[in-house]
4 protein chains.
Amino acid sequence: MDKKLFAHQTKVSVRNYEIDWQGIVHNAIYLHYFEIGRIEYLNRIGAKVDVNAINTNAKVVLARNELDYLTPARFGDTLNVYSRISSIRNSSFIFEGFLERDSTKEVIAENVAVHVWLDPQSNAPMPVPDGFRKLVQRFEGEHCQIQWPTIIV
Amino acid sequence: MDKKLFAHQTKVSVRNYEIDWQGIVHNAIYLHYFEIGRIEYLNRIGAKVDVNAINTNAKVVLARNELDYLTPARFGDTLNVYSRISSIRNSSFIFEGFLERDSTKEVIAENVAVHVWLDPQSNAPMPVPDGFRKLVQRFEGEHCQIQWPTIIV
Amino acid sequence: MDKKLFAHQTKVSVRNYEIDWQGIVHNAIYLHYFEIGRIEYLNRIGAKVDVNAINTNAKVVLARNELDYLTPARFGDTLNVYSRISSIRNSSFIFEGFLERDSTKEVIAENVAVHVWLDPQSNAPMPVPDGFRKLVQRFEGEHCQIQWPTIIV
Amino acid sequence: MDKKLFAHQTKVSVRNYEIDWQGIVHNAIYLHYFEIGRIEYLNRIGAKVDVNAINTNAKVVLARNELDYLTPARFGDTLNVYSRISSIRNSSFIFEGFLERDSTKEVIAENVAVHVWLDPQSNAPMPVPDGFRKLVQRFEGEHCQIQWPTIIV
């Protein structure tokens with residue numbers, strides 16, 4: 001992933017109980033780190049995150065996660081978590097992220113996470129609201145490919 | 001995924017602390033379930049799993065995880081975990097898996113996990129040992145695509 | 001703890017990701033096992049457990065946990081989780097539990113967990129409802145010390 | 001616990017996946033926070049913490065944990081983790097700790113954790129080494145009650 005495209009970064013410290021029996025961070029824990037990055041990203045761009053939903057009157061679900069493991073993180077590591085929304089389609093949007101060991105700048109893992117916006121009542125996919133598209137566009141500018149709904153006149 | 005291709009199945013019960021603030025199983029927990037399936041699969045085909053390695057004198061690492069979330073699992077669910085090795089290439093092999101809610105037979109999530117065999121000393125990829133290929137072939141038969149090393153005379 | 005006093009037992013299997021860097025079950029995981037025991041106990045005596053409360057119109061919180069670690073559990077162990085409510089006072093009740101390695105009958109850990117019943121509106125302690133006292137008495141008989149509310153005429 | 005007795009403090013942020021279905025930090029997670037505090041404490045006083053032991057040639061096990069839950073921590077909270085070794089006896093020592101919500105200074109939970117020093121070969125309790133007693137004494141001064149081994153002439 002191209003670091004220059006990422007305008008948001010946060011840090012996590014590897015905690016001792018995240019280390020597995022192989023002496024490295026367990027493979028599922030990386031999903032936690034990427035999620036921490038996404039939540040901070042959403043807060044930063046102004047999309048309110050509360051306990052039950054990513055946005056008021058919204059229900060956003062994770063539809064797909066892709067994780068590439070490049071080199072393991074270890075206890076004592078501080079990781080830089082880079083996050084960005086790389087595209088918004090009709091009812092879905094894509095978060096990309098990567099983890100970098102702060103001390104060596106090695107890339108630890110990469111993540112592509114596909115989210116789908118659901119109607120809270122019917123649970124059917126609904127168009128990503130314009131308000132959310134605008135928050136992302138304001139933050140990402142040219143770096144996020146946004147497919148705006150076509151209005152047929 | 002085609003259920004008929006899966007010769008191995010185990011069960012997990014969703015535990016209460018695996019439920020997140022949205023009332024459903026947290027997205028990272030599914031990786032735990034698939035891993036439980038893979039470990040039992042390896043035991044069943046006779047590949048010894050111990051604390052530090054999947055096989056004696058072996059070091060196998062997870063290089064990539066793909067997860068598709070179809071419908072959420074909830075507290076009280078019993079899940080059937082289906083696992084198979086779908087292909088073995090030179091130094092890597094692929095585990096496929098899916099989770100099925102036992103009560104309704106709905107598919108909860110699907111996983112593709114790419115593993116790479118490393119030389120324990122150099123940490124460089126090495127060919128998947130013939131012994132492991134044979135264990136998988138004996139268990140999977142035609143269902144696993146195995147690329148045997150070419151011997152050039 | 002005296003095994004003969006425990007009328008409820010369930011089983012858990014140690015999962016691989018519950019093992020820490022010392023090769024044994026991490027010290028916090030035992031709290032998960034005891035909680036699994038308590039939830040099954042409450043279901044068995046007929047106290048409805050749902051996602052948001054132990055009982056309808058009830059709010060029960062954990063006020064204190066005591067854990068004694070006797071010998072570590074390891075990957076592959078099946079543990080018998082024994083649970084009982086040993087006493088009910090005015091607004092609190094006490095769960096006792098212990099974990100036993102199924103293969104050797106060694107005691108792994110013991111737990112005393114003090115719970116307090118709160119008024120869902122005010123969050124102040126309230127008397128443990130009579131309905132709950134009766135469910136416990138029916139199940140535990142003489143083994144649970146129940147302090148019934150004094151009715152002053 | 002008396003805050004004035006604690007010379008060591010660190011911070012943890014509550015992570016979203018540590019919140020349970022009741023909207024508060026799960027009761028087992030507090031053990032993680034206290035452990036983070038202890039590991040940083042040991043590093044600070046100069047007791048080397050590595051992957052397999054608290055000290056070289058040492059094996060230290062947790063024998064007992066007492067946890068008092070005063071008020072729940074929530075997502076978004078930053079917690080101050082206070083840790084101290086309050087006493088050292090012949091083969092055991094006691095860590096005390098408490099968690100304070102940074103924004104309000106409320107006490108969230110208190111912990112007493114009894115550790116026992118084992119001989120790495122025999123696994124039998126052995127006297128806490130003098131080197132460790134000295135590191136603690138230098139850091140804690142009068143605040144830690146240290147029972148030095150009696151030398152009978």
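Two residues count as being in contact if their C-beta atoms, placed from the backbone, lie within 7 Å. Keep that in mind for the views below, which show a predicted model.

**View 1. Where chain D meets chain A.** Each partner brings its own set of residues to this meeting place: 10 from chain D and 10 from chain A. What kinds of residue does chain D use on the side that touches chain A? There are 5 nonpolar, 3 polar and 2 charged ones. Now turn chain D by 180°, with a shift of 0.0 Å along the axis, and chain D can be laid on chain A with an RMSD of 0.0 Å. Both copies use the same surface here, as 100% of the contact residues of chain D recur in chain A.

View 2. Two copies of a chain are related by a rotation about an axis and a shift along it. For chain A and chain B, the turn is 180° and the shift along the axis is 0.0 Å, and the RMSD comes out at 0.0 Å. The two copies are therefore related as by a two-fold rotation axis. Which residue of chain A has its C-alpha nearest the axis? That's Glu66(A), at 2.3 Å from it. Once again the same surface serves both copies, with 100% of the contact residues of chain A recurring in chain B.

**View 3. Helix 1 of chain A.** This helix covers residues 29-45, which makes 17 residues. From first C-alpha to last, helix 1 reaches 25 Å, close to the 24 Å expected at 1.5 Å a residue. Is helix 1 largely enclosed or left open? Look around it: 13 of its 17 residues are buried, so helix 1 is largely enclosed by the rest of the structure. Just past the end of the helix sits Gly46(A), with a positive phi of about 100°.

**View 4. A stretch of chain A to treat with care.** Over residues 51-56 of chain A, pLDDT stays under 50. The model still has 16 contacts beyond four places in sequence for this stretch. Where pLDDT is low, the predicted coordinates should not be read in detail. As for chain A as a whole, its mean pLDDT is 90, and 92% of its residues reach 70 or more.

**View 5. The fold of chain A.** Here you can pick out 2 helices and 6 strands. Follow the chain from the N terminus and the elements run β-α-β-β-β-β-α-β. Among contacts in chain A with a separation of 6 or more, 65% join residues 24 or more positions apart.

Notes:
Residues numbered from 1 in each chain as written. Chains lettered and ligands numbered in written order. Predicted model: local features only at pLDDT ≥ 70, side-chain atom pairs only at ≥ 80, totals over all residues. Nonpolar A, V, L, I, M, F, W, Y, C, P; charged D, E, K, R; others polar. Least-squares fit on C-alpha atoms with pLDDT ≥ 70 in both. Helix = DSSP H or I, 4+ residues; strand = E, 2+ residues; numbered from the N terminus. Expected span 1.5 Å × (residues − 1). Buried ≥ 20, exposed ≤ 12 C-beta atoms within 10 Å, placed from the backbone. pLDDT = per-residue confidence, 0-100.
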